[in-house]
Amino acid sequence: MELPLASAFAVFDAQDSGCVSYGVEASGRRWFVKTATSARSRQSLLRAVRFHAAVRHPAIVRPEHVLDGPVLVYSWHEGNVLNHATTRGSDRSALHRFQQLPRRDVETAIDTVLDAHLAVTAAGYVAVDLYDGCFHYDFQARRIRLIDLDEYRPGPFTLDADRLPGSRRYMAPEEFVRGAVIDQRTTVHTLGRTIHHLLDSPVGWRGSQLQRQVAARAAATTPADRYPDVAALVAAWRTTLPGRDAPAPPH
């Protein structure tokens, strides 16, 4: 596959991951091309290849081609990343715009994120480095997609470093403790923080009191105080939605 990177219509550099990505046109289509510039970023992309081989969900953007390098080639999707984070800082203007959408649209987006993580956990993976920079939103189509899930790992596992990569605004306390167990309850915490951040706004909380309680329990400091797994969190969340007084059937 010929990828004219020199004539890319967009370049995404200055990333903490060490990856450099490009928007290119090839074979009559637009593509998002992700490359590694260091040993660490190469390991991240290899991890992403394994993750996408194991996990499938309509909201999770997966590579259509994996080239030597590895180089990951995704379809280009119109929309905005809710947090455009680089080594130069964060641009959360899209998040602020998202937080002004009708509440039902926000609830639908959150439900999609949670549903995607049912597929993640069913495949035996746990979330690592999930934050608003992974949420790609098409404001015209009112559709959320999950991108850059390169750090997701098979779990549970024992943390063999001083911390995991990620945003402190979303991370669980155990992600900063060498020797801690990282499991579904860690993912539950991150998803609780996701509910909180997406239903919050500069003018205050936009969700219901029940939704606030669900988010708070999910993000409890002590893992044992959280929902025991992602399925339990999703079931609790769905009881807070209009016309949904029972968990949705499995699919």
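Lys and Arg count as positive here and Asp and Glu as negative, with His and the chain ends not counted. Each charge is placed at NZ of Lys, CZ of Arg, CG of Asp or CD of Glu.

**View 1. Here are the charges of the protein chain.** There are 30 positive and 27 negative charges, and their mean positions lie 2 Å apart. The model is a predicted one: local features need pLDDT of at least 70, side-chain atom pairs count only at pLDDT 80 or more, and totals for chains, interfaces and linings use all residues. Residues are numbered from 1 along each chain as its sequence is written, and side-chain values use heavy atoms, leaving out hydrogens and water.

**View 2. Now for the fold as a whole.** The protein chain has 6 helices and 14 strands (DSSP runs numbered from the N terminus: helices are H or I with at least four residues, strands E with at least two). Its C-alpha trace spans about 50 × 45 × 35 Å along the principal axes. Of the 251 residues, 48% are buried (under 20% relative accessible area, with exposed meaning over 50% and partly exposed in between; 1.4 Å probe, protein chains only).

**View 3. Let's zoom in on Pro156.** You'll find Pro156 in the loop between strand 12 (153-154) and strand 13 (157-158). Is Pro156 buried or exposed? Pro156 is exposed, because its relative accessible area is 60%.

**View 4. Who sits around Pro156?** Leaving aside residues up to four places away in sequence, Pro156 touches Val181, Ile182 and Asp183 (contact means heavy atoms within 4.5 Å). Val126 is 30 residues from Pro156 in sequence, with 7.2 Å between their C-alpha atoms.
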